[in-house]
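Please open the model in your viewer and keep the sequence panel beside it.

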Amino acid sequence: MVKQKLKQTLIATTFLIAGAAHATALDQFKSFVSGTKSARGEFTQTQVMKTKTGKTSSGTFVFARPGKFIWTYQKPYEQLLQADGETLYLYDKDLNQVTTRKLGGALGSSPAAILFGSNDLDKNFTLAEAGTHDGLEWLNATPKSKDTTFEQIGIGLKDGFPQAMELKDNFGQTVLLKFTNVQRNPALGAQTFKFDVPKGAEVVNQ
């Protein structure tokens, strides 16, 4: 009798584990969105054309929800994308030029909205499980708006945080992002996301 109960318990546990594994990607993503208010880390970005792999760039990022982030390209050239919650700044060091635009329209259904935006993702994306590969649980985010350059965004999760993203645009190109050395909810100063225009830089408002 004891063995029979133990067997039933093991079978029930197996089904519970299998059910949890099936929902892992979505559960991890919801946990990330609700529990990660800020983060910092490093990234590598690789562009994949239809027939070949393109250039790779790398840098650092830091963000605080909603809509505050600093995305810094360090190699092969220096470029900065920064948002203070209201305005998006794009700084090209080689041109010594800053381009600004209102953040609301710039985020929308973009990949940045997934990492840096509000928790209201269902408004802009349709989310669906996409199986397991490369050691990650994957989720597909399809923009509901037609006014976006991205056709589909894949999010690879592990340990409750996005480890990779696959961004497929409307022109058949894919951008791969990988995140490393991530710190969750670090202490960030009040002035962390305040953008200071570099000396002598031209400012273009869009």
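A salt bridge, as the term is used here, is a side-chain nitrogen of Lys or Arg within 4 Å of a carboxyl oxygen of Asp or Glu. Side chains of opposite charge can pair when their charged atoms come close. Before you select anything, note that this is a predicted model, in which local features need pLDDT of at least 70 and side-chain atom pairs count only at pLDDT 80 or more, while totals for chains, interfaces and linings use all residues. Residues are numbered from 1 along each chain as its sequence is written, and side-chain values use heavy atoms, with hydrogens and water left out.

**First stop: the salt bridges**

How many salt bridges does a search of the whole structure find? The search finds two. Select K93 and E78, whose side chains meet in a salt bridge at 3.3 Å, N to O. This pair links distant parts of the chain, 15 residues apart, with K93 in the loop between strand 5 (87-92) and strand 6 (97-102) and E78 in the loop between strand 3 (68-75) and strand 4 (79-84). Strands here (E, at least two residues), like helices (H or I, at least four), are DSSP runs numbered from the N terminus.

Now select D196 and K194, where the side chains meet in a salt bridge at 2.8 Å, N to O. For accessibility, buried means under 20% relative accessible area, exposed over 50%, and partly exposed in between, with a 1.4 Å probe and protein chains only. D196 counts as exposed at 52%, whereas K194, at 48%, is partly exposed.

Two strands pair if DSSP finds at least two bridges between them. Select strand 3 and strand 4, which run antiparallel and are joined by six bridges; they form a hairpin with three residues between them. Moving on, strand 4 pairs with strand 5 in the antiparallel sense over five bridges, and A83 has L88 in strand 5 as its bridge partner. In the hairpin of strand 4 and strand 5, G85 takes a positive phi near 100°.

Strand 7 (residues 125-133) runs antiparallel to strand 8 and is joined to it by seven bridges. With strand 9 (residues 150-158), strand 8 pairs in the antiparallel sense over five bridges. Finish on A141, which stands opposite L127 and also opposite I153 in strand 9.
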